[in-house]
Amino acid sequence: MSALRDALRDLSDDVFFDLLESEEAYLLVLDVPGVSAESLEVAIEDGRVSIDAQREKDPAGDYRYLEENRSLFLEVDLPLPDDASDAGGEATVDRGVLELRLPKRGAGEETTIDVVDEDAQTG
């Protein structure tokens, strides 16, 4: 988990995020203003989370840019926490806020062990 925290701290100062944890999952909340589900790609591969977003920035009416400080693209590459699963992640974007849920390995899974009654087998 410390590798993920370090990577998040190393992000540009204009990238705002929250990282939350429950017993079952991690939740990364990332501000992506101007981004829609169609212009957002989230991939989990080889123990890393890759987020690529393209903001929609068309000036309204007769306006033109005099100064442009908001980047058109956002690329984030983060390590998964050691106990996070690379399967079953869920992502939603609403009003420029991305919520990425990363389940923990084994969370919510139950393993049943068959118990054999030795006395019943020998009888």
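Is Asp77 buried, partly exposed or exposed? This is a predicted model, so take the values as computed from it. Asp77 has a relative accessible area of 44%, which means partly exposed. Its partner is Arg48, and the two side chains meet in a salt bridge at 2.9 Å, N to O. Arg48 sits in strand β4, residues 48-54, and Asp77 in strand β5, so the pair links distant parts of the chain, 29 residues apart. Arg48 is partly exposed as well, with a relative accessible area of 33%.

The count of salt bridges comes to three. Another one joins Lys104 and Glu21, with the closest N and O atoms 2.6 Å apart. Lys104 is in the loop between β7 and α2, whereas Glu21 is in strand β1, residues 17-21, so this pair ties together parts that are 83 residues apart in sequence. Lys104 has 12% relative accessibility and therefore counts as buried, the cut-off being under 20%. Glu21, at 48%, counts as partly exposed.

The remaining pair is Arg9 with Asp6, at 3.2 Å from N to O. Both residues belong to helix α1, residues 2-9, and they are three residues apart, about one turn of the helix. Arg9 counts as exposed at 59% relative accessibility, while Asp6 is partly exposed at 40%.

Now the chain as a whole. There are two helices and seven strands, and from the N terminus on the order is α-β-β-β-β-β-β-β-α. Of the 123 residues, 28% count as buried. Among contacts with a separation of 6 or more, 48% are between residues 24 or more positions apart. The accessible surface is about 9,100 Å², and carbon and sulfur atoms hold 44% of that.

The elements that give two or more residues to its lining are β5, residues 73-79, and β7, residues 97-103. The lining includes Leu4, Leu19, Leu28 and Val49, and also Leu78, Pro79, Leu100 and Leu102. What kinds of residue make up that lining? They divide into 10 nonpolar, no polar and no charged.

To recap, β5 holds Asp77 of the pair with Arg48, and β5 also gives two or more residues to the cavity lining. That is all from me.

Definitions and conventions:
Residues numbered from 1 in each chain as written. Predicted model: local features only at pLDDT ≥ 70, side-chain atom pairs only at ≥ 80, totals over all residues. Heavy atoms only, no water. 1 Å grid on protein atoms, 1.4 Å probe; cavity = no way out; pocket = protein on both sides within 12 Å on 5 of 7 lines; lining within 4 Å. Helix = DSSP H or I, 4+ residues; strand = E, 2+ residues; numbered from the N terminus. Nonpolar A, V, L, I, M, F, W, Y, C, P; charged D, E, K, R; others polar. Buried < 20%, exposed > 50% of the residue type's maximum accessible area, 1.4 Å probe, protein only. Contact = heavy atoms within 4.5 Å. Areas by Shrake-Rupley, 256 points an atom, 1.4 Å probe, with all protein chains shown as cover. Salt bridge = Lys/Arg side-chain N within 4 Å of Asp/Glu carboxyl O.
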